[in-house]
Amino acid sequence: MKLITIAIALSVVGCYPAAAVAETKILSLEELRSYPVDCKLKEKQVAQLRQIQKIKNFNSNPDTLNEYDRAYNSRLKSTIWWFYFGCKK
Amino acid sequence: MIKQSILISLLLVNQIAVANCNVRSASVLNGQNQVGEVTDFKQTIVPGKCTVQFRLNVNGQWHTVEETQEDRWTKESALCRDAIRYGKEKLLASIGGKFTTEAITVCREGDANTERLSKGFEPVKLKIGDKILESEAGKSKIENYFTHKNQTCRMFTERYTFKGNQEIYNGVICQNDRIDTNWTVVDRW
């Protein structure tokens, strides 16, 4: 019984992040460029973009990134920040 | 939608402009010191000239910095920004630390006849977590202030010319508290 409980606990702990990652679609740079920002969906969209950011895990120093990653990181961050200065409360 | 795309596009980094530049070498200071916040900040502006005075905590000790930048062709806000940076750099140079020799660039940009002479140091680039004065972070095309985590924030844009390319960085600074002169770099790209 103990073993079964431990096995279930391990599978839940071990699988949850993988499931969350699997659910997040990694947008291409082109998709990111045409991302349909919508203030009404701010929370959901920011969460999605932050999840991509977490998965991509770019170095915080843009000088260390290659051209594509730098462009992707720029678009991702500027889109996230857009919700803060672009959406009126 | 188009407006939103334009706004986002303005924040993008990968804009590289080639300028006519000569590369020289100079000694620069590597960031080995613990640089704290600026306090008692004062600035005096007259046309074509900005003098800044402030106290800065480095490695736990307070130092007074005074620096003047003059250039009749440069905006006073940019002169003040340079004065703060060069004042900090001179202080750090006087305190000591590890020096390396790096290339610096003297440029004549595009058709402009004004030669932008280097003032001895390659500008120190901002990084996330830096505590700075608001005027140290260049203006962004997105000028409005906004609130993030109960702090007043704004976008900034930095431009550096290096090896003939102009590098542009964007980011966000937030005021440490409502009456504080110090701001923190919270993001940069």
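Me: What share of the contacts in chain A with a separation of 6 or more comes from residues 24 or more positions apart?
Reply: This is a predicted model: local features need pLDDT of at least 70, side-chain atom pairs count only at pLDDT 80 or more, and totals for chains, interfaces and linings use all residues. Residues are numbered from 1 along each chain as its sequence is written, while chains are lettered from A and ligands numbered from 1 in the order in which they are written. Two residues are in contact if their C-beta atoms, placed from the backbone, lie within 7 Å. For chain A, the share asked for is 73%.

Me: What percentage of chain A counts as buried?
Reply: A residue is buried if 20 or more other C-beta atoms lie within 10 Å of its own, exposed if 12 or fewer, and partly exposed in between, with C-beta atoms placed from the backbone. Chain A has 89 residues, and the buried part is 15%.

Me: How many charged residues has the side of chain A that touches chain B?
Reply: The contact takes 20 residues from chain B and 17 from chain A. Ala, Val, Leu, Ile, Met, Phe, Trp, Tyr, Cys and Pro count as nonpolar, Asp, Glu, Lys and Arg as charged, and the others, Gly among them, as polar. On chain A's side, 7 are nonpolar and 7 polar, and the charged residues number 3.

Me: Which strands stand at the edges of the open sheet of chain B?
Reply: The sheet has 3 strands in the order β3-β4-β5, with antiparallel pairing. Two strands pair if DSSP finds at least two bridges between them. Each edge strand has a single partner, so one side of it is left without a neighbour in the sheet; the edge strands are β3 and β5.

Me: How many bridges join β4(B) to β5(B)?
Reply: β3(B) and β4(B) pair over 8 bridges, with Gln43(B) and Val52(B) as bridge partners. Lys49(B) stands opposite Glu70(B) in β5(B). β4(B) and β5(B) run antiparallel, and their bridges number 10.

Me: At about what angle to β4(B) does α2(B) run?
Reply: Axes are lines fitted to C-alpha atoms, for helices over the stretch in contact, and angles run from 0 to 180 degrees between N-to-C directions. α2(B) lies across β3, β4 and β5 of chain B, and its angle to β4(B) is about 40°.

Me: Is Asp82(B) exposed, partly exposed or buried?
Reply: Asp82(B) lies in helix α2 of chain B, where the buried residues include Arg81(B) and Ala83(B). Because 19 C-beta neighbours lie inside 10 Å, Asp82(B) counts as partly exposed.

How values were computed: Helices (H or I, at least four residues) and strands (E, at least two) are DSSP runs, numbered from the N terminus.
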